[in-house]
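Good morning. Please have a look at the model first.

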Amino acid sequence: YMQRKSQHFINAFGTFFEMYVKEVLHNCLDSSSYSRITENKEEKRADWLLRVANRNILIEQKSGLSMLSIKQTNPNTDDMLKHMESNWKEAIDQLQTTEKAYNLCDAVKIILVYEEYFKSETLNEWFKSHPEYNNDGSFWLVNINEFEILLQTYKSNPLLAEKIFQNIHNF
C-alpha cells in the first residue's frame with residue numbers, strides 16, 4: 001500500500017469495512033433479518049438484504065475514501081464529481097439491479113459509506129443532474145455512524161425505527 005497507485009490498502013480497507021458492517025448487523029438484528037447477497041458473475045449486485053420494520057432494505061457498501069483535495073476548505077469540485085460518479089453511480093446501478101433480480105417492491109435502497117463528508121441531500125442533487133436515473137424516493141445515502149444509530153434504534157425501539165423508514169419516502 002506504500003506504493004503509489006497501489007490498491008492493497010484500499011482492498012484491505014474495503015474488506016475490513018465489510019467485516020465491520022457484518023458485525024454491526026449481527027449485534028443489532030436477529031440473524032434471520034439479514035443476509036449477504038450472493039455475488040453474481042453476470043451482474044454486480046448489492047451487498048446486503050435486510051428485513052427490518054416490515055421493510056425490505058438493500059444495502060450497497062462503498063468503502064471508497066474521498067481524496068484530500070475534496071476535504072479542503074476550498075474543495076476541488078472536479079475531484080468531488082469524479083468521486084460521486086465512480087462510487088454513487090455504481091451503487092445505484094447495483095441497488096436497482098438487485099431490487100429487480102429479487103422482485104422487491106418499494107425496497108429502501110441504502111448507499112452505505114464510511115465517511116461523514118457527504119450529506120444525504122447530496123444524493124438528491126446527484127439525481128437532479130442525472131435525469132436518466134429515476135429517483136423513486138427510496139434511495140438513502142447513509143454513513144456508517146448513521147447506520148449504527150439506525151440499527152441501534154431498531155434494536156431498542158422497533159416502532160420508532162418503523163416511523164423513520166415510513167418517512168424515508170418523504171425526503
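**Aromatic pairs and charges over rings**

Searching the whole structure gives 3 aromatic pairs. Rings of Phe, Tyr and Trp (its six-membered ring) pair if their centres lie within 6.5 Å; planes under 30 degrees apart count as stacked, over 60 as edge-to-face and the rest as tilted. This is a predicted model, where local features need pLDDT of at least 70 and side-chain atom pairs count only at pLDDT 80 or more, while totals for chains, interfaces and linings use all residues. Residues are numbered from 1 along each chain as its sequence is written, and side-chain values use heavy atoms, with hydrogens and water left out.

Take Phe-17 and Tyr-114. Their ring centres are 5.9 Å apart and their planes are at 90°, so this pair is edge-to-face. Buried means under 20% relative accessible area, exposed over 50%, and partly exposed in between, using a 1.4 Å probe and protein chains only.

Next, Phe-127 and Phe-139. The centres of these rings are 5.1 Å apart with planes at 50°, so the pair is tilted. Both Phe-127 and Phe-139 are buried.

Now the charges. A charge sits over a ring if NZ of Lys or CZ of Arg is within 6 Å of the ring centre and within 35 degrees of the ring normal. The charged end of Lys-109 sits over the ring of Phe-139, 4.8 Å from the ring centre. Over the ring of Trp-48 sits the charged end of Arg-36, 5.2 Å from the centre.
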